[in-house]
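Welcome! Please take a moment with the sequence and the 3D view before reading on.

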Amino acid sequence: MCSILGLVNFKDGTKSISKETLEVMRLTTNHRGPDQHGFFRDDYVCFGHNRLAVIDVANGLQPMTAVFEGKSYTIVYNGELYNSNELRSELENLGVEFKTHCDTEVLLYSYILWGMGCSEKLNGIFAFAVYDDDKKQIYLSRDRMGVKPFFYTFIGDTLIFSSEVKAILKHPQIKAELDSEGIWQLLYLSPMRPSNNGIFKNIFEISPGFHGIYNHNGLELRKYWSLQAYELEDSESTIVEKTKFYLTDAIQRQLISDVLVYLFVRRT
C-alpha cells in the first residue's frame, strides 16, 4: 500500500515542526508500508513515507529526489503505475537517464517533463505529491477512481496531508471534531460522497480525478479527468472481444512485481 505524509508552508516555513511530531505522524500509518521508511526536509517542506516494496525493492526508497537540468524535485507516492514501462521508454527518448527500475522514478520524471499534464498520461492507482524546489510549489494528484486515499487540512498557511486521517489527527494543533455533513454522507451515501468533506471538521479529501498546485497563493485543485458516456454501436462479438482484451490486459499489468503476488479466487 505505502503511505504518504506532508507538511508544507511557503510563507513561514516548517522549522517549528519538531522531529518528534513528524515521527509520531509517520508511525501512525506504518502498517501501510512496513518495509522501509524515509523523510525529506528543507525550510518549507517536510515529507514522510512508509513503503511496501513491490518493484525494485533495493532502490525505491522514498521520499525520492531527482535533479534535472540543475533543478531539484522530490516525490512522495502511494500507488502503482500499470503503464510504467511505456512511460519509461517515452521519457528515455526525451533524454531521461533512470537510476532505478521502480515506477516512483518514472512518475517523478513524468512530472518533471510534462508538469500538470502528467496525470492524464498515467494508467494506475495513485496519490502523490511532488515538491518543485525551483517554483516553490507542490503538485498533488489522485487517481481517476479514488482508489488511493488523499486527505488534507490546513493550520494557518501550513498544508498537511496524509494517506489516513488518523496521521493528521496526531498533529498537536488538530482536534478530532466530527463534521455533521461528513457523518451524513458516510451513513447515507458511503462509500461515495458528493463532496470532498471528511468525517472530521476541516479535514478534506482530494476528489478522484483531481490534481492541483499548492504554493504561497494557496491551494488550487481542478479536475483532470471525468467519466464520459458514449452510445455503444459495436456488434456483440466485438464487445466480447474488447471486454476480453481489456480484462486480460488489466490482470497482466497488475501482476507485475518483484515480490510474490497472491490472488483471491472465488469458486462458484
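What follows is a short tour of strands, helices, loops and a surface patch.

## Before we start

This is a predicted model, in which local features need pLDDT of at least 70 and side-chain atom pairs count only at pLDDT 80 or more, while totals for chains, interfaces and linings use all residues. Residues are numbered from 1 along each chain as its sequence is written, and side-chain values use heavy atoms, with hydrogens and water left out.

Helices (H or I, at least four residues) and strands (E, at least two) are DSSP runs, numbered from the N terminus. A residue is called buried under 20% relative accessible area, exposed over 50%, and partly exposed in between (1.4 Å probe, protein chains only).

## A covered strand and its partners

Let us begin with strand E6, residues 124-132, which is mostly covered: 9 of its 9 residues are buried. In a regular strand, side chains alternate between the two faces of the sheet. In E6 both faces are covered. On one side sit Gly 124, Phe 126, Phe 128, Val 130 and Asp 132, and on the other Ile 125, Ala 127, Ala 129 and Tyr 131, all of them buried.

Which strands does E6 pair with? Two strands pair if DSSP finds at least two bridges between them. Strand E5 (residues 71-81) runs antiparallel to E6, joined by 9 bridges, and Ile 75 has Val 130 of E6 as its bridge partner. Strand E7 (residues 137-142) also pairs with E6 in the antiparallel sense, over 6 bridges, with Tyr 131 opposite Ile 138 of E7. E6 and E7 form a hairpin that has 4 residues between the strands.

## The open sheet

Another place to look is an open sheet of 6 strands with antiparallel pairing, in the order E2-E3-E1-E9-E8-E10. Its edge strands are E2 and E10 (204-205), each of which pairs on one side only. E10 is joined to strand E8 (residues 151-155) by 2 bridges in the antiparallel sense, and the bridge partner of Tyr 152 in E10 is Phe 204.

## Two helices with a buried face

Helix H1 spans residues 19-28, and its buried residues are Thr 21, Leu 22, Met 25, Arg 26 and Thr 28. Seen down the axis of H1, these buried residues fall within an arc of 155°, so they line one face of the helix; the arc is that of the directions from the helix axis to the C-beta atoms. Lys 19 and Glu 20 are exposed on the other side of H1. The cover over the buried residues of H1 includes strands E1 (3-8), E2 (36-41), E3 (45-51) and E9 (158-162), along with helix H4 (165-168). Here, cover is a matter of contact, meaning heavy atoms within 4.5 Å.

In helix H2 (residues 84-93), the buried residues are Ser 84, Leu 87, Arg 88 and Leu 91. They fall within an arc of 105° seen down the axis of H2, so they line one face of the helix. Asn 85 and Asn 93 are exposed on the face turned away from the buried side. E5 and helix H3 (103-114) are among the elements that cover the buried residues of H2. After H2 comes Gly 95, whose phi is positive, near 105°.

Most residues other than glycine have a negative phi, and most peptide bonds are trans.

Glu 69, though not a glycine, has a positive phi of about 55°. Glu 69 is in the loop between E4 and E5 and counts as exposed at 69% relative accessibility. Lys 136 is not a glycine either, and has a positive phi of about 50°. Lys 136 lies in the loop between E6 and E7 and is partly exposed, with a relative accessible area of 30%.

Leaving aside neighbours within four places in sequence, Glu 164 is in contact with Thr 29, His 31, Arg 32 and Phe 151.

## A nonpolar patch

Finally, turn to the surface, where Trp 184, Leu 187 and Tyr 188 form a nonpolar patch with about 420 Å² of accessible area together. Patches are made of residues with over 30% relative accessible area and no salt bridge, joining like charges within 9 Å and nonpolar side chains (Val, Leu, Ile, Met, Phe, Trp, Tyr) within 5 Å. A salt bridge is a side-chain nitrogen of Lys or Arg within 4 Å of a carboxyl oxygen of Asp or Glu. Accessible areas come from the Shrake-Rupley method with a 1.4 Å probe, and for residues only the protein chains shown count as cover. Tyr 188 is found in helix H5 (residues 180-189) and is exposed, with a relative accessible area of 61%.
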